[in-house]
Amino acid sequence: MQALLPVPLKEGDADYAALMMANYLLGNGGNSRLWLRIREKDGLSYDVRSTVGWDPYGTNSWWIASAIFAPTNRAKVEVAFKEELERALKDGFTAKDLEEGKQGLLNCRTLSRAQDRNVAGAWARNLDLGRTFAFSAAVDTQLKALTLAQVNAALRKYVRADGFAGDVKVLTSCP
């Protein structure tokens with residue numbers, strides 16, 4: 001299963017760090033809502049996650065959620081996915097979620113920058129975009145300063161659970 005939702009943001013926009021964190025808490029970190037519910041608690045999926053495919057050039061990013069599961073679990077996975085998404089949108093995240101998320105996401109970003117392959121790729125990307133690693137440092141500073149209100153507002157502004165119709169497409173295989 002894959003759900004796609006256009007996000008009218010690009011890297012570095014005002015809501016960039018807040019949506020990055022909201023996504024981390026919802027479906028990207030090891031303690032994310034989707035992982036804990038669908039994989040750990042319900043045992044329905046081999047893998048479940050969400051990510052934001054950031055466009056560095058224009059406001060053409062994508063929020064992408066996916067799950068790998070046995071075909072017999074499809075309906076249950078879709079229900080659990082929708083319930084967790086609706087719960088996150090309705091109730092938001094907690095201060096504890098945010099503090100743990102900040103630590104986890106910042107550690108992940110630091111570890112990524114400690115790997116030669118990632119540094120080389122980031123260097124090439126920065127050259128193409130006309131920026132330096134100061135951009136990453138600024139994002140880390142923004143992540144550290146995020147408030148719970150900013151994170152919850154970004155989630156509610158850019159991610160919807162109003163059914164999988166219209167702009168959201170549920171696919172049985174990757175496009």
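The second largest pocket holds about 260 Å³ of space. In this predicted model, local features need pLDDT of at least 70 and side-chain atom pairs count only at pLDDT 80 or more, while totals for chains, interfaces and linings use all residues. Residues are numbered from 1 along each chain as its sequence is written, and side-chain values use heavy atoms, with hydrogens and water left out.

A pocket here is an open set of points on a 1 Å grid over the protein atoms alone, where a 1.4 Å probe fits, with protein on both sides within 12 Å along at least five of seven lines; lining residues have an atom within 4 Å of a point. Its volume is the space filled by probe spheres set on the points, which are joined across faces, edges and corners.

Asn31, Ser32, Leu36, Asp97 and Glu100 lie nearest the centre of the second largest pocket, out of 16 lining residues. Helix α4 gives the most to this lining, 4 residues. Helices are DSSP runs of H or I with at least four residues, strands are runs of E with at least two, and both are numbered from the N terminus.

Now for the largest pocket, with about 660 Å³ of space. Glu11, Tyr16, Met20, Arg109 and Ser112 are the closest to its centre among 25 lining residues. Its largest share of lining, 6 residues, comes from α5.
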